[in-house]
Amino acid sequence: MSKKVIFNNQDIENIKKLYYEQKISLDGLSEIYGCSRTAIRNLFIKLNLDRRSKTEQFIKYSVNEHFFDNIDTADKAYCLGLWYADGCNRIERGDINIQLQIDDYSVLDSINNLIENTRPIKIYNVTNKKNHTKNYCELLIHSRYMCEQMNNYNFIPRKSLTLDFPYWMPQDLIPFMLRGYIDGDGWVQKYRIGFMSTDKFCLGVKQYFDSLGLECHIRDIKGHYNEHTKTFDINGRKNIIPLVEKMFSDGTIFMDRKVKRYIEYGFLDVTNNSLIA
């Protein structure tokens, strides 16, 4: 039996506004509130709210399909790095999605605004068998054109086994792509930062580091089922700080919880960086 959904007064007012003013469909409302379409329909019946006709009920979400035709800004490079790490390009379905923990909602919301995606960020509340609730959010883009375009940038299905480094990317944009990747699937610790990826991707990053004269290490993952998956580590302040300075030299999208770690461990001085308040 599915769990009963309870809407408070504020939820009801928001639902009315979304439905009548922004023309969001019942399906769209169910996505926003993480419930079934039936739960929304029953709410309308209970409150005796007028429904639009069938021809008016559905709204098509739009997105700037050509936004990523050229990866030529810090924010575009960041988005690609984040998708490389945590995203999914479902070409056969014609959509791109990425799911992050609820604390990172602002990152997905910023990307949604950047690409002019009218589909709202969806929030999920999932309770497991041990009665532990996990909250996460999802950005979903419906566009076969964007799927094909991102596929050209090696953002491909099942990329966890085959991801290659974007050698085509201009050198000055690589730090922002790396920041996005570390935000998605990396770590920021007291004496090191790093991430896990394919051997091909790690090798490309190492070649970039070599060009900067910075030390790094590619390591095997003991006991990992896939021999092509490696960890990439940058150790020591003399290597970390020059990289972090490049990663935060431009852009408008940042993952707050990772930024706090860069600051906490002394890798980033916000007093000298106007991008972060």
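Does I182 count as buried or exposed at 2% relative accessibility? I182 counts as buried at that value, where buried means under 20% relative accessible area, exposed over 50%, and partly exposed in between, with a 1.4 Å probe and protein chains only. I182 lies in helix α8, a helix that comes up several times below. This is a predicted model, in which local features need pLDDT of at least 70 and side-chain atom pairs count only at pLDDT 80 or more, while totals for chains, interfaces and linings use all residues. Residues are numbered from 1 along each chain as its sequence is written, and side-chain values use heavy atoms, with hydrogens and water left out.

**The protein as a whole**

- The protein has 11 helices and 8 strands; these are DSSP runs numbered from the N terminus, with helices being H or I of at least four residues and strands E of at least two.
- Of its 277 residues, 47% count as buried.
- Take the contacts between residues at least 6 apart in sequence: 68% of them join residues at least 24 apart, a contact being heavy atoms within 4.5 Å.
- The accessible surface comes to about 15100 Å², and carbon and sulfur atoms hold 49% of it; such areas come from the Shrake-Rupley method with a 1.4 Å probe, and for residues only the protein chains shown count as cover.

**Helix α8 and its partners**

- Two packed helices are described by the angle between their axes and the distance between the axes.
- Helix α5 (residues 74-86) packs with α8 at an angle of about 35°, their axes 6 Å apart; axes are lines fitted to C-alpha atoms, for helices over the stretch in contact, and angles run from 0 to 180 degrees between N-to-C directions.
- The crossing of α5 and α8 is right-handed: a crossing is right-handed if the near helix is turned clockwise from the far one by less than a right angle, and left-handed if anticlockwise.
- On the α5 side, A74, A77, Y78, G81, L82, Y84, A85 and D86 take part, and they meet F176, M177, R179, G180, Y181, D183, G184 and D185 of α8.
- The residues of this α5 and α8 contact divide into 9 nonpolar, 3 polar and 4 charged; Ala, Val, Leu, Ile, Met, Phe, Trp, Tyr, Cys and Pro count as nonpolar, Asp, Glu, Lys and Arg as charged, and the others, Gly among them, as polar.
- With helix α10 (residues 237-247), α8 crosses at roughly 100°, and the two axes come within 8 Å.
- That makes α8 roughly perpendicular to α10, a label for angles of 65 to 115 degrees; under 35 counts as roughly parallel, over 145 as roughly antiparallel, and the rest as oblique.
- P175, F176, L178, R179 and I182 of α8 meet L243, K246 and M247 of α10.
- By class, the α8 and α10 contact holds 6 nonpolar, no polar and 2 charged residues.

- L178 is found in helix α8 and is buried, with a relative accessible area of 3%.
- Not counting residues up to four places away in sequence, L178 touches V205, Y208, F209, L243 and M247.
- L178 and G194 are 16 residues apart in sequence and 9.8 Å apart in space, C-alpha to C-alpha.
- I182, with residues up to four places away again left out, touches W187, V188, I193, G194, F195, M247, K258 and Y262.

**Helices α2 and α3**

- Helix α2 (residues 26-33) and helix α3 (residues 37-47) pack at about 110°, with axes 8 Å apart, and are therefore roughly perpendicular to each other.
- α2 passes α3 in a right-handed crossing.
- L26, D27, L29 and S30 of α2 make the contact with R37, I40, R41 and F44 of α3.
- The residues there divide into 4 nonpolar, 1 polar and 3 charged.

**Loop residues to look at**

- S143, in the loop between β4 (133-142) and α7, is buried with a relative accessible area of 4%.
- Leaving aside neighbours within four places in sequence, S143 is in contact with V63, E65 and G94.
- N226 lies in the loop between β7 (217-220) and β8 (229-235) and counts as buried at 10% relative accessibility.
- E116, in the loop between α6 (105-114) and β3 (122-127), has a positive phi of about 60° although it is not a glycine.
- N154, in the loop between α7 (144-152) and α8 (174-185), has a positive phi of about 70° and is not a glycine either.
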